[in-house]
Amino acid sequence: IHTSLSKNDKNDKVHLLLEKVGLSKEQSLRYPHEFSGGQRQRIGIARALATEPEIIIADEPVSALDVSVQAQVLNLMLELQQNLNLTYLFVAHDLSVVKHISDRIAVMYVGKIVESAPTDSLFNKPKHPYTAALLSAVPVADPRIRSQMIPLEGDVPSPASPPNGCHFHPRCPYASEICKKEEPNMQEIEPMHFVSCHHFKDIQLKGIE
C-alpha cells in the first residue's frame with residue numbers, strides 16, 4: 001500500500017511499527033516460525049496499524065492465546081488505543097475479555113443485536129433474557145460461590161431460517177404469545193441502554209456486580 005516509500009523508509013516504518021507493539025527492529029529479519037503465538041499477534045496488530053486507521057475490527061484477537069499472553073495483548077491494545085486515538089470493534093465470546101476492553105457492548109443472537117449498553121450497565125443490569133443467560137455462565141473465581149447458570153433449552157436456530165417473532169422465543173423462559181408472532185423493536189430504556197424485548201419491564205434479571 002505504501003508504494004511511495006523508498007526501501008529505507010519502508011524499513012524505518014516497519015521498525016517503528018514493531019517497536020509500537022513491543023517488539024524490536026532486529027526481529028524484522030526473523031521467519032514466521034521463529035515467533036511465539038503472542039508475538040505473531042503483536043505483528044498482526046502492527047500490520048493493522050500500518051495504514052494509520054481510525055478504526056480496527058478485531059475478530060477474536062486473543063482467543064487462541066494463553067491467558068497470561070491474552071492479558072499482555074489486551075493491555076497493548078488499550079495502550080495503543082489511547083496513544084493513537086483508535087476505535088476498536090472487538091468481536092469475542094469471552095465476556096471477561098469483553099468487559100476488560102470495552103466501553104460499550106452489543107449482544108447478538110442469530111445475527112441481530114438484542115441488547116446494547118455501556119459495559120457497567122450491561123453487566124450490572126441486563127434487560128434481555130439472553131444477556132442474563134450469558135452473564136450467568138461467567139465462572140466466578142471463588143469456590144465458596146455456587147454457580148447459578150441459567151440453562152437454555154433447545155438449540156440456536158439457523159440464521160438462514162430464524163423463528164417468527166422474537167428469534168429467542170423458543171429458548172426464552174419468559175416468552176409469551178406476542179413473542180412468537182411479533183419481533184420486538186429496539187427501545188432505549190435508559191440513557192444509551194437499548195433492548196429488544198417485549199417483556200423487559202416485567203422481568204427481573206440478575207447481572208454481575
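**Sheet and pocket**

Guide: Helix α6, residues 129-136, lies across β3 and β4 (112-118), and runs at about 105° to β3. Keep in mind that this is a predicted model.

Visitor: What's the strand order in the open sheet of four strands?

Guide: The order is β3-β4-β6-β5, and the pairing is antiparallel.

Visitor: Which strands stand at the edges?

Guide: β3 (104-109) and β5 (187-190) do; each has a single partner strand, so one side of each lacks a neighbour in the sheet. From one strand to the next, the twist averages 30°.

Visitor: Back to β5. How many bridges does it make with β6?

Guide: Three, in the antiparallel sense, with β6 covering residues 193-195.

Visitor: And what does Glu190 stand opposite?

Guide: His193, in β6.

Visitor: Switching topic. How much space lies in the largest pocket?

Guide: About 780 Å³.

Visitor: Which residues lie nearest its centre?

Guide: Phe90, Val91, Ala92, Ile105 and Ala106, out of 21 residues that line the largest pocket.

Visitor: Which elements give two or more residues to that lining?

Guide: β2 (87-91), α4 (95-101), β3 and α6. So β3 comes up in both topics: it is an edge strand of the sheet, and it contributes to the pocket lining.

Visitor: How do the lining residues of the largest pocket divide into nonpolar, polar and charged?

Guide: There are 15 nonpolar residues, four polar and two charged.

Conventions. Residues numbered from 1 in each chain as written. Predicted model: local features only at pLDDT ≥ 70, side-chain atom pairs only at ≥ 80, totals over all residues. Heavy atoms only, no water. Pairing = 2+ DSSP bridges. Axes fitted to C-alpha atoms, helices over the stretch in contact; angles between N-to-C directions. Contact = heavy atoms within 4.5 Å. 1 Å grid on protein atoms, 1.4 Å probe; cavity = no way out; pocket = protein on both sides within 12 Å on 5 of 7 lines; lining within 4 Å. Points joined across faces, edges and corners; volume = space filled by probe spheres on them. Nonpolar A, V, L, I, M, F, W, Y, C, P; charged D, E, K, R; others polar.
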